[in-house]
Amino acid sequence: MIIAKKKPIEEIIGEVENYDRLLILGCNECVTVCEAGGKKEVEILASALRMNFMAKGKEKVIDEKTLERQCDHEYLEEIRANIDKYDAIVSLACGVGVQFAAEKYQTMPLIPGVNTVCLGANEDRGLWTERCQACGSCILARTGGICPVSRCAKRVMNGPCGGSTKGKCEISKDVDCAWQLIVDRLKALNKMDDYEIVAPIKDWSTDRAGGPRKVTREDVKI
Amino acid sequence: MRLKIPANFRIVRLPCTGKVDIIHILRAFEKGVDGAFVVGCMEGDCHYNEGNFRARKRVEQAKVILDKVGVGGERVKMFNLSSGEGPLFAQYAIEMDNKIKELGPSPIRLAKQKKAKTAA
């Protein structure tokens, strides 16, 4: 899922100071799971903003709404009828949701309430770690199910590099060496022969290097 | 025991302090309370193992938010005691009451009062 992190409240306060009618818009998908922008976080942010402005003696309307998704037309349409009631929207969705809402409501200022971090997994309670960089051409079949693109700091395709020490990466003792993990897993799978295959040069045109990407599926279009 | 405790606070009973969420604390302040304290079981003695630890973390988070929005994080506090410690509960209640009186009314309450006055 997409992992996001709550923005500091003071940053959001600064951004919304000049608007009198605000809608705090949450998203029920990834940001709910990573506890950054779901219904609960919407309630907390709205309450904090209300108190902040109340303490400053400012009268503002701060409403709350959480959509099923903010990256889909049909759910974003749910706020169209009431959109004129607001001067700005604080979206707690990932960058995708914020942008999609902005595209849909051209004259409505959109303020992000979270920082979108990465595509990751919920490794432990309160711990989310990166697993994928959406490079567009998956090589996990060859690397024992561990991704060197997202988990190796150098994105090395035939690792490990010389910076790997005792299974850790040279950038930090807290970061596992992806290639150590790959070797360990290939050993466990009894597929160490795969490690001997020299990886071909990766086609990075499917990554961001090729510009914004899109997926078109004629078979599912109506 | 018939212990004397301040009469200016209200007890909200919960099955476990683990039920307390940040929003519950924030809502109380939004409604205009001057202070709030959460009283949980002794650490390590939670019937649900970690309810009081969760509560402590949430109280800490609420503190940070209250500080940032200008209400004051010192208005909320977590205490731990066992159910047999009535006198300690009374002591904590008095301690909190004194602290809040020292701090004065919450800015939210003042703003609400001011608004009500202008409306009247």
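Select helix 3 of chain B, which gives the most to the lining of the largest pocket, with 6 residues; helices (H or I, at least four residues) and strands (E, at least two) are DSSP runs, numbered from the N terminus. The model is predicted, so that local features need pLDDT of at least 70 and side-chain atom pairs count only at pLDDT 80 or more, while totals for chains, interfaces and linings use all residues. Residues are numbered from 1 along each chain as its sequence is written, chains are lettered from A and ligands numbered from 1 in the order in which they are written, and side-chain values use heavy atoms, with hydrogens and water left out.

On a 1 Å grid over the protein atoms alone, a pocket is an open set of points where a 1.4 Å probe fits, with protein on both sides within 12 Å along at least five of seven lines, and lining residues have an atom within 4 Å of a point. The lining has 40 residues, and Arg10(B), Ile11(B), Val12(B), Phe37(B) and Val38(B) lie nearest the centre. The space in the largest pocket is about 1500 Å³.

Next, go to the second largest pocket, with about 880 Å³ of space. Glu35(A), Arg125(A), Gly126(A), Trp128(A) and Gln61(B) are the closest to its centre among the 24 residues that line it. Helix 2 of chain B gives the largest share of this lining, 5 residues.

Now select the open sheet of chain A, where 4 strands in the order 3-2-4-5 pair in parallel; two strands pair if DSSP finds at least two bridges between them. At the edges, pairing on one side only, are strand 3 (61-67) and strand 5 (110-112). Strand 2 (residues 21-27) is joined to strand 4 (residues 88-91) by 4 bridges, and Leu23(A) has Ile89(A) as its bridge partner in strand 4.

Finally, colour chain A by domain 1 (2-118) and domain 2 (136-210), whose bounds come from an automatic or database domain assignment. Their centres, taken over C-alpha atoms, are separated by 38 Å.

Terms used:
Grid points are joined across faces, edges and corners, and a volume is the space filled by probe spheres set on the points.
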